[in-house]
Amino acid sequence: MMRFAAFLLASALAAGPALAHPDYAPRDVVEVENAAWTRDAVLYQINTRQFTREGTFKAAQKQLPRLAKMGVDILWLMPIHPIGEAGRKGTLGSPYAVRDYRAVNPELGTEAEFRAFVDEAHRLRMRVILDWVANHSAYDNPLTVSHPEWYTRTPEGALTSPAGTDWSDVADFDYSQAGLRRYMTESLAFWVREYGIDGYRADVAGYVPTDFWETARAELNAIRPVFMLAEWEQRDLHARAFDATYGWGWKEAMQRLVKDGSGAGAMRGYYAGQSETWPHAAMRMVYTENHDQNSWDGVAAQIYGDAYEAAIALSFVGSGMPLIYNGQEGDNDRQLEFFERDPIVWKEGRRKPLIEKLIALKTAQPALHNGRFGAGMVEVPTSETADVYAFTRGERGARVFAVFNLSPRAHRVSFRQARHHGAFVDAMTSEPAAFTGGETLDLPAWGYRIYTETK
């Protein structure tokens, strides 16, 4: 017995002294301070090479008033830098094979024309972020000669592409090198300081150490507040580095339920996971189309089929920061070549009015704002749980109430609780609607309703 008591004492001492006053209060793990202009921001991705017939900044600048009128807030430009020639894919190569981090690709225009593009965007009250490729460079980037120690090497000492990829046109960086970290951070700061860039979309952000991004974010914020989007799905990136991360799970859930007709379960699971495991302040970018999906997976209208408009609408009214892709509002109906010039064939898209209405709705309704600025989702149980997902966002008197039939089956839907009761207006038709109990909604396959509360 004495030996057991001695063992307990030794164990307690080994564990260290107990905290005299432990702090059990919840702490916000997100320390990033979001710029005010990200509150209700909607992203628009531009592939400059394909965005206009000319494929230049100057031509793209002429489209900025149209995008501003749509209500777009942040323009994300795919990489604008000169492209490597060694191991180039296709005729023009991948914009993600960067040959010079502090120069403009002459195929897109001059530095003066790029500056004019940014200045015009700012005049129209839009922000501009650059796609930044920190993980790797082109094989003929001069850094491979001037700083060979900054690159990952094979056991034989050769440059190598990122492990486990088929990115044969790029050489992997070694972020154990302090000099590389300094150069890359100073390059990020260069575009913010000299050209007024408002932030970055970080390509394969998770392939680069998080502490690098945290240091870079602090350096950029010392110049002025920026917006940072990570192409990655990882919570700790939000702590001190990124405002937003990719919501890949949203896209995967939506495409799965469209493909197999399984109903609302996959999307209900995504939003439950978002609510339970991600910080409320974390902005999650959701999308129905982007450059990777369009180039490699297929055209959004074909992937989503009859569910396409419902998917677009849910990306705006559910929790998340929505993205519009390069020609999506013009009903682009084909996969754009990635390594060649393949301009969008513009037309007056039939989905453009829907996108404009959804942008206006997101802007006007604080409940739908991004991350910490918006409200969580409260599910409203229905008679058709398997197929229908209904929810409210916001405080009573300022709520948004949405009902989505996420199935290829028509349903008459009734509601089991009073979480949505109140006086509303249909956000799409402006028709009044009251919910006091006993109401039903007839929803066709992939049909939806969005209501805003009136006082």
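This is a dialogue on how to read several features of a predicted model.

Me: Where should I begin with strands, and how are the strands of a sheet held to one another?

Reply: Strands of a sheet pair through backbone hydrogen bonds, in either a parallel or an antiparallel sense. In this predicted model, take strand 10, residues 321-325, as a parallel case: strand 1, residues 43-46, is joined to strand 10 by three bridges and runs parallel to it, and strand 9, residues 283-287, is likewise joined to strand 10 by three bridges, again in parallel. To follow the pairing at the residue level, note that Gln45 has Tyr325 of strand 10 as its bridge partner, while Tyr287 has Leu323 of strand 10 as its partner.

Me: Are the two faces of strand 10 covered or open?

Reply: In a regular strand the side chains alternate between the two faces of the sheet. For strand 10 both faces are covered, with Met321, Leu323 and Tyr325 buried on one side and Pro322 and Ile324 buried on the other, in keeping with a count of five buried residues out of five.

Me: What is the strand order of the open sheet, and which strands lie at its edges?

Reply: The open sheet is formed by six strands in the order 11-12-13-18-15-16, with antiparallel pairing. Strand 11 and strand 16 (432-435) are the edge strands, each pairing on one side only, and the twist from one strand to the next averages 30°. Inside that order, strand 13, residues 400-405, and strand 18, residues 448-453, pair in the antiparallel sense over five bridges, and the partner of Val400 in strand 18 is Thr452.

Me: How many residues does helix 11 have, and what covers its buried residues?

Reply: Helix 11, residues 265-277, has 13 residues and reaches 18 Å from its first C-alpha to its last, close to the expected 18 Å. Ala266, Met267, Arg268, Tyr270, Tyr271 and Gln274 are its buried residues, and their cover includes helix 10 (248-260), strand 9, helix 14 (308-317), strand 11 (377-379) and strand 12 (388-393).

Me: What volume does the largest pocket have, and which residues lie nearest its centre?

Reply: The volume of the largest pocket is about 540 Å³, and of the 24 residues that line this pocket, Trp167, Asp203, His291, Asp292 and Trp296 lie nearest its centre. Helix 10 and helix 12 (291-297) are the elements that give two or more residues to the lining, and helix 12 supplies the largest share, five residues.

How values were computed
Residues numbered from 1 in each chain as written. Predicted model: local features only at pLDDT ≥ 70, side-chain atom pairs only at ≥ 80, totals over all residues. Heavy atoms only, no water. Buried < 20%, exposed > 50% of the residue type's maximum accessible area, 1.4 Å probe, protein only. Helix = DSSP H or I, 4+ residues; strand = E, 2+ residues; numbered from the N terminus. Pairing = 2+ DSSP bridges. Expected span 1.5 Å × (residues − 1). Contact = heavy atoms within 4.5 Å. Axes fitted to C-alpha atoms, helices over the stretch in contact; angles between N-to-C directions. 1 Å grid on protein atoms, 1.4 Å probe; cavity = no way out; pocket = protein on both sides within 12 Å on 5 of 7 lines; lining within 4 Å. Points joined across faces, edges and corners; volume = space filled by probe spheres on them.
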